[in-house]
Amino acid sequence: MKKVLVTGATGRTGLLVVNKLRQYPREFKVVGLARNEDKVKEIWASTDDFYFGNIKDKTTIEKAISGCDALVILTSAVPQIKGTPAPGARPEFYFADGESPEEIDYYGQKNQIDAAKSAGINHVVLVGSMGGTEETNPLNRVGNGKILIWKRKAEQYLIDSGINYTIIRAGGLLNEPGGKRELLVGKNDELLKNPPDGIRPSIPRADVAELVVRALQIDEAKNKAMDTISRPPSENGENVKIDFVKLFEQTTAGL
Ligand code: NAP
């Protein structure tokens, strides 16, 4: 039985990971970390197995992670829209005070990794974003937050921590059913720069959540970092058979 802490548990991918892990009650004991009790009640009706607090506060993380074997990091800074854009104008974004990518995606993740190390955690699965090799990627301009740069720095911090890691850098996230698409694995944003057959570099959140669960189950996922996108879904709507061991074998250690 592995005890797993999922942070960012109220996020759109985090909640899918919690739900998927709960489908294996003999394999996983799941605890969540969230900052908003009402959101947890809204999603699961109960706050059982939840800790509450901000990832900027190390003591909250230390309490939640105590006795765990693995940590799944699904926290992220979230840009806010500035007012209502004029008709035809592009929306402008900002990050709330204290919620910038530097504070959340770098220092907030660093806090989690440090707490994991002190608690003797065996494996950290970190969900990040593709585009971190591109300083000029438009996402870095959002709210002037350089979000992809800070996320990549945190990935390097995890690798340097010496804890077993799996880094899953997703393409654009879609709210679509999982299991319907072939998944592709790459490195160094190659799938972003040259997606095969001109496909959109995107992937359903449900498929990312499945990858997180498999990473916790499959030894070949340890000490690997990968970019991942998906092909469009099968036309007949049937599930696609994926060999997850082979998928993790396709990638390597290091950023
Ligand atoms: P999301 O819905 O934006 O969830 C972010 C989570 O982080 C929420 O649960 C949020 O809590 C939590 N959080 C933020 N600041 C926190 C703090 N200070 N303390 C505690 N918790 C905090 O996530 P998502 O869209 O599913 O994305 C998952 C990951 O994939 C993120 O790293 C994201 O950057 C990355 N990604 C996104 C895209 C995309 O297209 N959007 C593409 C590739 C990769 P609250 O619920 O309380 O706000």
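Start with the open sheet: eight strands in the order 3-2-1-4-7-8-12-10, with mixed pairing. Strands here are DSSP E runs of at least two residues, helices are H or I runs of at least four, and both are numbered from the N terminus. Two strands pair if DSSP finds at least two bridges between them. The edges are strand 3 (50-52) and strand 10, each pairing on one side only. From one strand to the next, the twist averages 20°.

A word on the ground rules: this is a predicted model, where local features need pLDDT of at least 70, side-chain atom pairs count only at pLDDT 80 or more, and totals for chains, interfaces and linings use all residues. Residues are numbered from 1 along each chain as its sequence is written, and side-chain values use heavy atoms, with hydrogens and water left out.

Next, select 2-7 and 28-34. These are strand 1 and strand 2, paired in the parallel sense over six bridges. Pick T7 and you'll find its bridge partner in strand 2, L33.

Helix 3 lies across strand 1, strand 2, strand 3 and strand 4 (70-73), running at about 165° to strand 2. Angles run from 0 to 180 degrees between N-to-C directions, and axes are lines fitted to C-alpha atoms, for helices over the stretch in contact.

Bring in helix 4 (residues 101-118): helix 3 packs against helix 4 at about 45°, axes 9 Å apart. Show side chains for K58, I61, E62 and I65 of helix 3, and N111, Q112, D114, A115 and A116 of helix 4; they make the contact (heavy atoms within 4.5 Å).

Which residues of strand 10 are buried on each side? L183 and V185 are on one face, L184 and G186 on the other; buried means under 20% relative accessible area, with a 1.4 Å probe and protein chains only. Strand 10 pairs with strand 12 (residues 224-230) in the antiparallel sense over four bridges, and V185 has T228 as its bridge partner there.

Last stop: R169, in strand 8 (residues 164-170). R169 is buried, at 1% relative accessible area. Beyond its neighbours within four places in sequence, its contacts include E155, D227 and T228.

Technical notes: Buried < 20%, exposed > 50% of the residue type's maximum accessible area, 1.4 Å probe, protein only.
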